[in-house]
There are 2 protein chains.
Amino acid sequence: MKTLRPAGPAPARRPRGRPRAFDRDQALARAIEVFWSKGFEAASVADLTAAMGINPPSLYAAFGDKESLFIEAVRRYHENVQMSCPYAGEPTARLAVERLLTELAALFTDRSHPSGCLSVMAMVTSSTTSPRLQKCIAAERAEARARLRERIQRGVKEGDLPRDSDTAALTDFYAAVISGMSLQAREGGTRKALLAMVQTAMRAWPERAKQPVRRKAAAVA
Amino acid sequence: MKTLRPAGPAPARRPRGRPRAFDRDQALARAIEVFWSKGFEAASVADLTAAMGINPPSLYAAFGDKESLFIEAVRRYHENVQMSCPYAGEPTARLAVERLLTELAALFTDRSHPSGCLSVMAMVTSSTTSPRLQKCIAAERAEARARLRERIQRGVKEGDLPRDSDTAALTDFYAAVISGMSLQAREGGTRKALLAMVQTAMRAWPERAKQPVRRKAAAVA
DNA sequence: CTTATTATGTAGTGATTGCTACAGAAGGAG
DNA sequence: CTCCTTCTGTAGCAATCACTACATAATAAG
């Protein structure tokens with residue numbers, strides 16, 4: 001048998017017209033950097049085309065419009081972060097959260113790209129624009145938050161958190177810490193300072209009773 | 001003796017020309033609301049003049065330019081928040097921080113004005129603009145943060161925190177929680193959710209040994 | 001009154017915004 | 001080669017941006 005076509009996503013046949021002269025993924029990566037450092041509104045199409053090395057018509061042909069490009073950028077940013085930090089695999093919920101926060105502290109202060117978190121920038125700078133953009137960003141962030149909450153809930157099931165833990169409140173709290181770290185990084189906070197904040201935040205983790213409750217009473221008696 | 005001029009701030013003599021037809025403080029209050037909801041860049045001069053009920057020349061005559069107006073708005077916002085929440089007067093550092101966070105949770109979700117924190121909006125939306133604006137906002141926020149840290153340090157001196165507490169890390173942490181609460185509020189978080197976050201955050205407060213250290217050893221022995 | 005000074009409303013300024021019309025270039029199909 | 005399709009660069013669209021020139025109105029001083 002020869003060259004059986006894989007069942008994969010794309011037949012990937014060459015289209016008919018003139019081929020694109022730039023790498024779409026690479027251009028998107030450049031756009032991510034611009035949005036990451038400036039947010040949505042402050043990043044002009046001129047900024048974007050300059051960074052991407054293309055002209056406006058190429059941008060609009062490949063990505064639709066500025067809003068769609070932004071949404072795609074945020075989406076891929078989330079994917080990238082998720083791929084590079086599979087915190088759910090940690091053995092306990094506490095270790096998972098601590099790892100997530102620790103890796104984000106490193107990401108937010110990595111000098112090879114803009115500081116802080118693109119998702120946070122997106123949330124703030126899209127809160128004044130079209131409802132569509134607002135909803136897309138909110139949905140993207142809600143999904144990331146849901147993943148975090150699921151990991152915490154799994155921790156409750158597996159017994160590394162007290163059974164009556166308020167997982168929603170815990171999720172809200174650590175999500176807020178993440179947002180706070182992002183802003184701190186943008187204000188010039190160092191990686192060391194962010195890592196210290198992670199340790200402080202982990203002190204809020206619910207105490208697992210050292211012994212089961214029923215034996216505690218017996219010990220006192 | 002008659003009409004001895006007080007040594008106070010302003011002689012307040014009527015100026016020579018045509019009097020201003022609008023209330024400057026009230027106009028500034030309206031500008032604060034616009035910036036609060038849109039940030040710096042997304043708030044256009046047209047938005048501002050419409051909300052303030054004046055025409056552009058009046059705005060520029062009274063406030064200089066958009067940047068100066070923004071700085072004055074953020075400054076007064078900080079003053080207002082500081083006045084309405086004198087948390088430093090609480091008896092312990094822990095109560096002071098808890099009160100600050102609690103009142104901010106209420107402020108950020110108050111429906112009589114835009115949600116979240118103007119200072120946080122200012123920080124994010126000015127990070128892409130002129131260095132002057134950036135520095136002014138950063139200085140304003142640094143001052144607020146310094147006040148928080150001083151209250152915590154006072155707590156260490158007065159013995160309601162362990163003597164070796166890392167006050168800088170604590171300040172960073174609670175400042176980040178505040179920023180995170182602001183973003184959460186803008187994402188639609190309820191007051192209840194924010195108050196729950198405050199309680200969670202307070203669990204990270206350093207444990208004060210119930211008994212002095214020297215007696216603890218004796219008790220164990 | 002006249003004069004000086006300041007504020008106001010109208011109506012713009014040039015620059016920048018997101019976006020696109022258009023002509024030509026670069027490929028596949030026949 | 002000729003068609004057809006798609007992409008690229010130039011050049012420019014209407015709308016909006018922050019900001020202001022200018023004539024007039026309103027006050028105090030003389």
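# Reading the labels on this model

Biologist: Why does B:Gln184 count as buried?

Modeller: B:Gln184 has 25 C-beta neighbours inside 10 Å, and a residue is buried if 20 or more other C-beta atoms, placed from the backbone, lie within 10 Å of its own (12 or fewer make it exposed, and values in between partly exposed), so B:Gln184 counts as buried. This is a predicted model, in which local features need pLDDT of at least 70 and side-chain atom pairs count only at pLDDT 80 or more, while totals for chains, interfaces and linings use all residues. Residues are numbered from 1 along each chain as its sequence is written, and chains are lettered from A and ligands numbered from 1 in the order in which they are written.

Biologist: In which helix does B:Gln184 lie, and which residues does it touch?

Modeller: B:Gln184 belongs to helix 8 of chain B, helices being DSSP runs of H or I with at least four residues, and strands runs of E with at least two, numbered from the N terminus. Leaving aside residues up to four places away in sequence, B:Gln184 touches A:Asp172 and A:Ala176 as well as B:Gly189, B:Ala193 and B:Leu194, where contact requires C-beta atoms, placed from the backbone, within 7 Å.

Biologist: How do you know that the length of helix 8 of chain B is close to what is expected?

Modeller: Helix 8 (residues 167–186) of chain B has 20 residues and spans 29 Å from its first C-alpha to its last, close to the expected 28 Å, a figure that is 1.5 Å times one less than the number of residues. Of its 20 residues, 16 are buried, and helix 8 of chain B is mostly covered. Just after this helix, B:Gly188 adopts a positive phi of about 105°.

Biologist: Which part of chain B gives the most to the side that touches chain A?

Modeller: The contact draws 32 residues from chain B and 32 residues from chain A. On the side of chain B that touches chain A, two or more residues come from each of helix 6 (118–125), helix 8 and helix 9 (191–202) of chain B. Helix 8 of chain B gives the most, with twelve residues. By class, that side has 18 nonpolar, eight polar and six charged residues, with Ala, Val, Leu, Ile, Met, Phe, Trp, Tyr, Cys and Pro taken as nonpolar, Asp, Glu, Lys and Arg as charged, and the others, Gly among them, as polar.

Biologist: Why are helix 8 of chain A and helix 8 of chain B called roughly perpendicular?

Modeller: Helix 8 of chain A and helix 8 of chain B pack at an angle of about 105°, with their axes 7 Å apart, the axes being lines fitted to C-alpha atoms, for helices over the stretch in contact, and the angles running from 0 to 180 degrees between N-to-C directions. Angles of 65 to 115 degrees count as roughly perpendicular (under 35 is roughly parallel, over 145 roughly antiparallel, and the rest oblique), and the two helices are therefore roughly perpendicular to each other. Residues in this contact include A:Gly180 and A:Gln184 of helix 8 of chain A, and B:Gly180 and B:Gln184 of helix 8 of chain B. The contact has eight nonpolar, six polar and two charged residues.

Biologist: What makes helix 5 of chain A roughly parallel to helix 8 of chain A?

Modeller: Helix 5 (residues 93–108) and helix 8 (residues 167–186) of chain A pack at an angle of about 15°, their axes 10 Å apart. That angle makes helix 5 of chain A roughly parallel to helix 8 of chain A.

Biologist: Why is helix 7 of chain A called oblique to helix 8 of chain A?

Modeller: Helix 7 and helix 8 of chain A pack at an angle of about 130°, with their axes 9 Å apart. That angle makes helix 7 of chain A oblique to helix 8 of chain A.

Biologist: What makes helix 6 of chain A largely enclosed by the rest of the structure?

Modeller: Eight of the eight residues of helix 6 (residues 118–125) of chain A are buried, so this helix is largely enclosed. The cover over these buried residues includes helix 1 (24–38), helix 4 (66–84), helix 7 (131–157) and helix 8 of chain A, together with helix 6 and helix 8 of chain B.

Biologist: How do you know that B:Phe70 is buried?

Modeller: B:Phe70 has 28 C-beta neighbours inside 10 Å and therefore counts as buried. This residue is found in helix 4 (residues 66–84) of chain B, and B:Phe70 touches B:Phe35, B:Phe40 and B:Leu133, not counting residues up to four places away in sequence.

Key:
Contact = placed C-beta atoms within 7 Å.
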